[in-house]
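Colleague: I would like a close look at a single helix and what surrounds it. Please set it in the context of the whole chain before going into detail.

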Amino acid sequence: MALPDLIEIVPLDKPVRAEITVPGSKSITNRALILAALADGETTLQGALWSEDTQVMVEALKNLGFEVKVEPDPDEFCNRTITVKGLGGRIPNAGTEAKPLEIFVGNAGTAARFLSAFVCLGNGVYRVDGVPRMRERPQAALFDALRELGYRIESASNKLPAVIYGTGPRAGKCRVSIEESSQFASALLLCARIAAWNVEIAGKNAEELPYVAMTSNMEEVFPKRGGHFQIEADASSGSYFLAANFWFPEILEYSEQYKTKIPTSYRNTVEVKNWPSSEWQIDEHFRAVIDFGPDWKFTLKQEQGKVTRREVSKHFEEVSKRRFNKGIVSRKNDLGDSIMTFIVFAAFKGEEWKFIDLGPLRLQESERVVALRTELTKCGAKVIEQNDTLEVFPSILHGAEIETYNDHRMAMCFAILGLKVPGIKIKNPACVRKTFPNFFQKLAMEPPHGLGVTILDGMSKRKLGLEELFAE
């Protein structure tokens, strides 16, 4: 049975102890699929996310002539073991000018950008297109860089649909701006070794931005002649479950080591199994950011044993004094997509929060800055939008029907809000199929594998069974 068009989340009435398995990282999976196709030999990707976005990439590779085998993952229903037979940079299939080979990318930004660069290595003509929202999303910086490398790209608006003329690997140099999306640089870097492209990324310390660094790190360690590659659990998807820890008051206990009261546990104890620690995903720092705000980098250093005990003691004393001062969190430097999770429950943090550098959120699956402000305001939150900043103030929230804008992260963020606020109803909940098809099943499963949340049909108030909560 399909998910209803409207569901209601019933708040948790008691603490839970759970360890949740979340699907693999979409960002890593789609990068790995391109790198596997470029490898000279067969590569097996373990723990690969199987969702709308990654299925789009797999279907595109098959359409381009690659042998791809998909098998179930015994540990996570929404993961797969995917084997790709790489051809060392050769792309088997291509179209002609009269009849280009059609590549459909849905609303998958990674697939749209990565495949646009990838098909340049083929010998023929390709037409890349997506859903109406994908046609609105920026592509110009990537297309301009590909043109600078000597490839012919035809696009009336410098967006999709685009006709791309592949002429194979050709050495060259290009400059790409990542002001609108770091995926432009990643698309080029994934193919740069095979294509002999010299890619210059515009912007101060641009190569160190999290998603660009992820691409460079993956390209460096990925098996070039085939082999095995493990996909990490997705930290953005895990953030929703870690956030559930903060719906019940924390327990502060005096620490002899630090000579002050520090948080030692939460009445909710929700963990994410195999939480990533590679530093590839900026969202792996989610717990530290929401706990200590501007102090999270110090906390991370402390956890890694890079500061002295005296420094830690002094630090916790300072944190306890200014814990409720206004914090500032950056989409560029502190968190990736999980910043949306933080924004949604910031009104409960007992302090004012400012979220900055949110420009990229405007250009994703929905206009996320406006969407977050609109839906939080609908729930009674005081939210001020100015330029690419949102300020969220302590508020008393109430239930509302949440418009998701066909955006998976809007649906998941506000579902977590519903664990605390009565009356939160989610429209079009099936949009989570994009990255986390069994998200609502994870909420509803009994602990320790889920949170034991009751989810109702938003119209009839009937409790939904697990089989009804999967996003087809």
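Modeller: The protein chain exposes about 19300 Å². Carbon and sulfur atoms supply 48% of that area. Keep in mind that this is a predicted model. The chain has 472 residues, and 60% of them are buried. Its secondary structure comes to 15 helices and 22 strands. Take the contacts between residues at least 6 apart in sequence: 74% of them join residues at least 24 apart.

Now to helix α13, which spans residues 368-378. Its buried residues are R368, V369, A371, L372, E375 and L376. They lie on the same side of α13, because they cover an arc of only 165 degrees around the axis. What do these buried residues pack against? Two helices are among the partners: α12 (339-345) and α14 (408-417). Three strands join them: β18 (382-386), β19 (389-393) and β20 (400-402).

Look next at the ends of α13. At its start, a side-chain oxygen of E367 reaches to within 3.2 Å of the backbone nitrogen of V369. V369 is itself one of the buried residues of the helix. Just after α13 comes G380, with a positive phi of about 100 degrees.

R373 also belongs to α13. Its side chain meets that of E385 in a salt bridge, at 2.5 Å from N to O. E385 lies in strand β18, so the pair ties together parts that are 12 residues apart in sequence. E385 has a relative accessible area of 26%, so it counts as partly exposed. R373 is partly exposed too, because its relative accessibility is 27%. Strand β18 is also among the elements that the buried residues of α13 pack against.

R409 lies in helix α14 and D337 in the loop between β16 (327-330) and α12, so the pair ties together parts that are 72 residues apart in sequence. Both R409 and D337 are buried. Helix α14 is one of the packing partners of α13, and R368 is one of the buried residues of α13.

For context, a search of the whole structure finds 32 salt bridges. One of them joins the side chains of K442 and E76, at 2.8 Å from N to O. K442 lies in helix α15 (residues 439-444) and E76 in the loop between β4 (68-72) and β5 (79-85), so this pair ties together parts that are 366 residues apart in sequence. Both K442 and E76 are buried.

N245 is found in the loop between α8 (235-243) and β13 (250-255). With a relative accessible area of 2%, N245 is buried. Its side chain reaches the backbone nitrogen of V270 at 2.8 Å.

Back to the helix you asked about. The buried side of α13 packs against helices and strands, while R373 of α13 pairs with E385 of β18.

Methods. Residues are numbered from 1 along each chain as its sequence is written. This is a predicted model: local features need pLDDT of at least 70, side-chain atom pairs count only at pLDDT 80 or more; totals for chains, interfaces and linings use all residues. Side-chain values use heavy atoms; hydrogens and water are left out. Helices (H or I, at least four residues) and strands (E, at least two) are DSSP runs, numbered from the N terminus. Buried means under 20% relative accessible area, exposed over 50%, partly exposed in between (1.4 Å probe, protein chains only). A polar contact is a pair of N or O atoms within 3.5 Å; within protein, one must be able to donate a hydrogen and the other to accept it, and residues adjacent in sequence count only if both atoms are side-chain atoms. The arc is that of the directions from the helix axis to the C-beta atoms. Contact means heavy atoms within 4.5 Å. Accessible areas come from the Shrake-Rupley method with a 1.4 Å probe; for residues, only the protein chains shown count as cover. A salt bridge is a side-chain nitrogen of Lys or Arg within 4 Å of a carboxyl oxygen of Asp or Glu.
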